[in-house]
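The following paragraphs lead the reader through one protein structure, from the whole chain to selected details. Please keep the sequence and the three-dimensional view at hand while reading.

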Amino acid sequence: MTKPSLPDLLHAAVTAVGGTERPGQVAMAEAVAEAVDEQSHLLVQAGTGTGKSLGYLVPALAHGMGAPPARGSEGRGRVVVATATLALQRQLVERDLPRTVETLHPLLRRRPEFAMLKGRSNYLCLHRLHEGVPQEEEDGLFDVFEQATPTSKLGKDLLRLRDWADETETGDRDALTPGVSDKAWGQVSVSSRECLGASKCAYGAECFAEAARERAKLADVVVTNHALLAIDAIEGAPVLPQHEVLIIDEAHELVSRVTGVATGELTPGQVNRAVRRAAKLVNEKAADQLQTASETFERLMELALPGRLEEIPEDLGYCLMALRDAARTVISALGSTRDKSVQDEDAVRKQALAAVENVHAVAERIANGSEYDVVWYERHDRFGASLRVAPLSVSGLLREKLFDDRSVTLTSATLKLGGDFNGVAASLGLAPEGTEGEDVPPWKGLDVGSPFDYSKQGILYVAKHLAQPGREGSRTDMLDELTELIEAAGGRTLGLFSSMRAAQAAAEELRGRLDLPILLQGEETLGELIRTFAEDARTCLFGTLSLWQGVDVPGPNCQLVVMDRVPFPRPDDPLMSARQKAVEEAGGNGFMAVAATHAALLMAQGAGRLVRATGDRGVVAVLDPRVERARYGSFLRKSMPEFWYTTDRNQVRRSLAAIDAAATAAESPQAAEAKPEA
């Protein structure tokens, strides 16, 4: 039997999921196959509707099936797919992979195995469930399951979790429908640091997290998330099974997720919890030393003002060294002291050790100082002050850890910013495309386009007549423009705002001006808001960052996407401003490399909300004249889909009215006849 060709395999897989083959999908599959075979790296921009999941799954599976089975062969042929969102993980594991595997089985003559792997805290912990959470002194000595009344929300969640534990096969939080609160889940889960370890735990043989890891070791394809990929790279202890091929979907999110994992934080509450957890397990002298350091830290944090600390103040430096030394003393003492009054001592000790080790690690990192770290104070209205530290850049880490000994494919609908891949590549630690040399991972960039005809399906409108937005104050002219656009569109509007304050102000003002339902992020769960928006054509949905990337509403109910201003990072964002300054000191253009690139990525994602299917029509309106007037405006426009471009406000209103009339006619011919001409 001859080996099936890649086009034959792709055709079979696409047919199995009820899709249609796209030229871009074929080009992507061929490029992924070439990168995998050559053990090289690939950046692929694949627009919405390309079918990129199959574009990388089919060639990866075909390669894996040509190698010896992954099990027992040090990961040869194994593929790891890392995604940013739960929605895509579910789509891969519940839809794309089962159908693809079933279809390719007779062609490949072997059935590829696949598995999902997440961080330990995503799985129900049977030890926590049955033995309870180690309690701290002021919490009272009670079993949280007994203490929570059955009629309370927490009590109902906990009782449901206890029942669910008897029937679930995976223990995966995301398999629990409906979900439970973070507080309830916290009672039945542990972090990797708090885990006793399978060999020491009475429930180790039944552990859901351990079972997931074992399934991953035997699988040909492992689906995970960016955070676990980052932990695997940063912490040095392998979490993922060995693999030969790594595919990173939603790759525009990777740098942000890796930065999040590499960020450390200290808060007074967190340090106090560490003190309480350790107090009963160490001698009085060690406990008092940590308590004193904790109290000093709390007093300092009461006076902390938000902003970057380019140098560590002397009093903070002494405090951090005291915290570090006290935490180290407690960690040593935890290994030898026993308190017979403590029940389930192993679990209590492990939880205390995890809390104190975190305090020690972050205090030591900040106290030691590094030119490669950024340190700053943050202050939150609800949670108070925190001290944070993050890497100035993760590009070196990614270059060293990501592109070694495996083929890496990174894909997203938005990887080309300003017309090329080099900006995103630089953030990943890659040299400009085509650069050669030792220690320079070779890579290629490929834009496979989109099945959508953006120039005919959408308009990009920039309101160049508006005043340039300032840092503060209301934008009356912008609100007037927004009102006119929504009226012309008959609702059907997704409003993307650069801040929650701006979204709230616009919603409040327009609710008084328009006889249309206006939904606001935060007033209901995001899922419920999107569902309501998708069901009612007259409805508008206003919100901020998560809406720029998280809304998928094909059809006529989203025909106008509005951005209130260019979403540059806040000028007082410590990490972004530090990164911008570092680029400038190295002789580069910090504004373009950091601020403009950040804005371009968000605008590309936001504009992508408009056209989600071949029949979609509409307008992306940017109510910020800088996109037309400023020198960086062309860079921002090149980063978005190639819509027909205009600054003519009257033309756009006429187009929106015509699109609304066509959609209304399709929904109800009678309503269209009754509607006055626009």
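The model shown here is predicted. Its protein chain contains 28 helices and 18 strands. Along the principal axes, the C-alpha trace spans about 80 × 70 × 60 Å. How does the radius of gyration of the protein chain agree with that of a compact globule? For 678 residues, a compact globule would have a radius near 26 Å, and the protein chain has 27 Å, which agrees.

The interior may be considered next. Of the 678 residues, 51% count as buried. The contacts also show how the chain folds back on itself in sequence terms: among contacts between residues at least 6 apart in sequence, 77% join residues at least 24 apart.

Two pairs of helices illustrate how such elements meet. Two packed helices are described by the angle between their axes and the distance between the axes. The crossing of α14 past α15 is left-handed. On the side of α14, the residues in contact include Leu320, Leu323, Arg324 and Ile331, while those of α15 include Leu353, Val356, Glu357 and His360. By class, this contact of α14 with α15 has 14 nonpolar, two polar and five charged residues.

The other pair is formed by helix α11, residues 254-261, and helix α16, residues 395-402. Here the axes come within 11 Å and cross at roughly 100 degrees. Angles of 65 to 115 degrees count as roughly perpendicular, and α11 and α16 are therefore roughly perpendicular to each other. Leu254, Val255 and Val258 of α11 meet Leu397, Leu398 and Leu402 of α16. The residues of this contact of α11 with α16 divide into six nonpolar, no polar and no charged.

A single residue may close the tour. Lys118 lies in the loop between β3 (114-116) and α5 (126-131). Is Lys118 buried or exposed? A residue counts as buried under 20% relative accessible area; Lys118 has 5% relative accessibility and therefore counts as buried. Leaving aside neighbours within four places in sequence, Lys118 is in contact with Leu86, Gln89, Tyr123, Asp172, Asp174, Asn225 and Leu228. Arg388 lies 270 residues from Lys118 along the chain, and the C-alpha atoms of the two are separated by 25 Å.

Key:
Residues are numbered from 1 along each chain as its sequence is written. This is a predicted model: local features need pLDDT of at least 70, side-chain atom pairs count only at pLDDT 80 or more; totals for chains, interfaces and linings use all residues. Side-chain values use heavy atoms; hydrogens and water are left out. A crossing is left-handed if the near helix is turned anticlockwise from the far one by less than a right angle, and right-handed if clockwise. Helices (H or I, at least four residues) and strands (E, at least two) are DSSP runs, numbered from the N terminus. Contact means heavy atoms within 4.5 Å. Ala, Val, Leu, Ile, Met, Phe, Trp, Tyr, Cys and Pro count as nonpolar, Asp, Glu, Lys and Arg as charged, and the others, Gly among them, as polar. The radius of gyration is taken over C-alpha atoms; the globule rule is 2.2 Å times the number of residues to the power 0.38. Buried means under 20% relative accessible area, exposed over 50%, partly exposed in between (1.4 Å probe, protein chains only). Axes are lines fitted to C-alpha atoms, for helices over the stretch in contact, and angles run from 0 to 180 degrees between N-to-C directions. Angles under 35 degrees count as roughly parallel, over 145 as roughly antiparallel, 65 to 115 as roughly perpendicular and the rest as oblique.
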